[in-house]
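Here is a short report for a first look at a protein model. Please keep the sequence and the 3D view open as you read.

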Amino acid sequence: MKSSSDIRKIFLDYFQEKGHEVVSSSPLVPANDPTLLFTNAGMVQFKELFLGQETRSYNRAVTTQRCVRAGGKHNDLENVGYTARHHTFFEMLGNFSFGDYFKREAIQYAWEFLTVTLALPPEKLWITVFEDDDETADIWLNEIGVDPIRLSRIGAKDNFWSMGDTGPCGPCSEIFYDHGENVAGGPPGTPEEDGDRYIEIWNLVFMQFDRAADGTLSPLPSPSVDTGMGLERLSAVLQHVHNNYDIDLFQRLIKAIQDLSGTTDSSNTSLRVIADHIRSCAFMITDGVQPSNEGRGYVLRRIIRRAIRHGHKLGLKDDFFYKLVAPLVDEMGEAFPELTKAQPLVERALKQEETRFADTLDNGLKILEHAIDEMSDKEIPGETVFQLYDTYGFPIDLTADIARERGLTLDFAGFEREMEAQRTRARSASQFAGGLSDQVNIDGETNFCGYEKTREDATITSILVGGEHVDQLHDRQQGVIVLDRSPFYAESGGQAGDLGQISTDTANFDVTDTQKQGKAFTHIGVCENGSFKVGDSVTAHIDEHNRSDTALNHSATHLLHAALQQILGEH
C-alpha cells in the first residue's frame, strides 16, 4: 500500500520527469491577493503568471500546495468531522502550464499518471467535459479511448472556471473515481450524482479565454493549464478506503489523540475533528497567523476552540491540543520543513490559546445546558447564543456545532439583534485608540512585583475608556485597566512594556502595552470576552516569552552601544 508521502513524491517526480519545475508550496496567507482570506488552491501563487503580469525561468510547474477552506466564500468548517471528505486543511497536487502545453498534453499526462504510474483500472475512471467543449471530448474519446458511457457533458456551473467576473477563464474537465456498486450514488451529471460512489479526484482547467466586462469571450494569446487533485482523496483511493479519515495521514494523528484520551472507537467524530483541526491550526501559525478577534486570526481562534470543545467531549479537560504538534511534525515535517522549524512557536501559541479558553469553556457549557433544559421548542434563543459569544468566548459556529449534535437550531436573527445592540453601546461608549493623555488623573499607585513574579492576583482600581474614567469595560472594547499590584513591567529606561493577559473566570483582557502614569501602571489593550468592573479581583499574567525576548533585546542594545562607542568613539 502506498503511503500519502509516497504518493506526494511519486506525483512530483512524475511531472519533474516531464520537464516541470518543482515549486515549493506558498504560505497559507496569500502574498499577491489581499481579497483572499487563505490560499485555497494551487494556482494562487501563480496568479500573476496566468494574467501575464509576471515571467519566470520556467513555463511548466508542479506543486503540492497546502490549502485552507474555512471562513469566507470557501468554508468547510461546519461539515468537518461529519462527512468523509470535508476538511479545513488539505493538500492540493497540481501541474501547471504557462503558455506551453494545453489540452492534449494535460489530458495525456493525467491519464498516464493515473492508469500507468498509479495503475488505477481505466474502467474505474469517469470523465466530465464542458458541454460545448468538443475539442476536449474528442481527445478523451478518440485519442485516450475512454468509453462514451463514462463521459458526461456538463454545464458551466460545474465545468467552466473563471478567475473572477472578468479575466482569464475556460472550460474544465474533471476525472472521477468509481468506488463501486456497494456505495450509493450515480455518475456525474445524473440526479444521483451527490452520492458517494463517484468522487472527483482531479480537475483540469483549460484557461483559453479572456472575459470582458460585458461577458464577451476572446481567445487568450497564450492558453494555459491549471490542474488540482486532492492528496487526501487520491490516498483514499490508493489505500482502498472510502473515508479520507481512514488514510494513513489521519490515522496516525487519530491514534495520538486516542493515546491522550483513552478513546477506543477510531471512528469517533471528535477524533476526526481534532485530527483535521490540528493540521489547519499548526500551518496557519507556521505561516504567521496568530489567534485574535479579527480576520484570519479569528478564523484560527474559531478552529482552535472547536477542537478544544471536541477534546472536552473526549474527557480531555487539561491542555492537550498543543501536544499533537509533535506527531503532526513527524507526519508532515519532511514535506513541509517550515512546520518543523516553527514547532516551538506553534506549540506555545496553541497552549496559550487553549489555557485562555479552558477557563471559560466549562462555565459556558453549563449556561448552554441550562438554556436547553428551559427550552420549549428546538431553537436555542439568540440571547443565549450571544451570551455564550460575548461572555464565554464561544464562536457562533461552536454553539451551532453543539446544537447540531442535539438536533437543535439557533435563533440567528435574535443573535444578530443582540450583536447590533452591543455595537451601538460600544460606539457610544468608546472612541479609545490607545495611550493616555498626561492630563488624565489616576489616583493611587501600582505596586510592581514583576521582578519576583510573572503572575499575580490583583484588584482593579481604575478603568479608562477614551481617556475617561468608567465603571465597566465591555467585550470587544479597547481601554485601560489599572491594578493595585502588577507583574507587568511598564515602559521605562528604553525597555518596552510587558504584554500578557488580565483575566477572571469569565473574562479576558489582552494587554498590548504597559505604561506609567504617575505612580500607576496602565495596562492598555482590549477586552476579548466578558466584562470587567472597578473592584473586580483578577489574575494578571505576563507573556513570559515576550518579557524574555524584550529583556534580551534591551541588553543586546546596551552591548551594541558599548561596542560602537569603543570602535567609533563617544561621538
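## Basis of the model

This is a predicted model, in which local features need pLDDT of at least 70 and side-chain atom pairs count only at pLDDT 80 or more, while totals for chains, interfaces and linings use all residues. Residues are numbered from 1 along each chain as its sequence is written, and side-chain values use heavy atoms, with hydrogens and water left out.

## Domains

The chain is assigned domain 1 (4-246), domain 2 (248-374) and domain 3 (447-553). These bounds come from an automatic or database domain assignment. The centres of domain 1 and domain 3, taken over C-alpha atoms, are 51 Å apart.

## Helix H8 against helix H10

Helices (H or I, at least four residues) and strands (E, at least two) are DSSP runs, numbered from the N terminus. Helix H8 (residues 269-286) and helix H10 (residues 325-332) have axes that come within 10 Å and cross at roughly 85°. That makes H8 roughly perpendicular to H10 (65 to 115 degrees). Axes are lines fitted to C-alpha atoms, for helices over the stretch in contact, and angles run from 0 to 180 degrees between N-to-C directions.

From H8, Ile 278, Arg 279, Ala 282 and Phe 283 meet Val 325, Leu 328 and Met 332 of H10. Contact means heavy atoms within 4.5 Å. The contact residues are six nonpolar, no polar and one charged. Here Ala, Val, Leu, Ile, Met, Phe, Trp, Tyr, Cys and Pro count as nonpolar, Asp, Glu, Lys and Arg as charged, and the others, Gly among them, as polar.

## The cavity

On a 1 Å grid over the protein atoms alone, a cavity is a set of points where a 1.4 Å probe fits but cannot get out; a pocket is an open set with protein on both sides within 12 Å along at least five of seven lines; lining residues have an atom within 4 Å of a point. Grid points are joined across faces, edges and corners, and a volume is the space filled by probe spheres set on the points.

The structure holds one cavity of 30 Å³ or more. The largest cavity has a volume of about 70 Å³. Its lining includes Asn 293, Tyr 389, Arg 476 and Glu 528. H9 gives the largest share, three residues. Domain 2 and domain 3 both give residues to this lining, so the cavity lies between them.

## The second largest pocket

This pocket has a volume of about 1,100 Å³. It is lined by 34 residues, with Gln 352, Arg 356, Gln 501, Asp 510 and Asp 543 nearest its centre. H12 gives the most, with nine residues. By class, the lining has seven nonpolar, 14 polar and 13 charged residues.

How values were computed
Angles under 35 degrees count as roughly parallel, over 145 as roughly antiparallel, 65 to 115 as roughly perpendicular and the rest as oblique.
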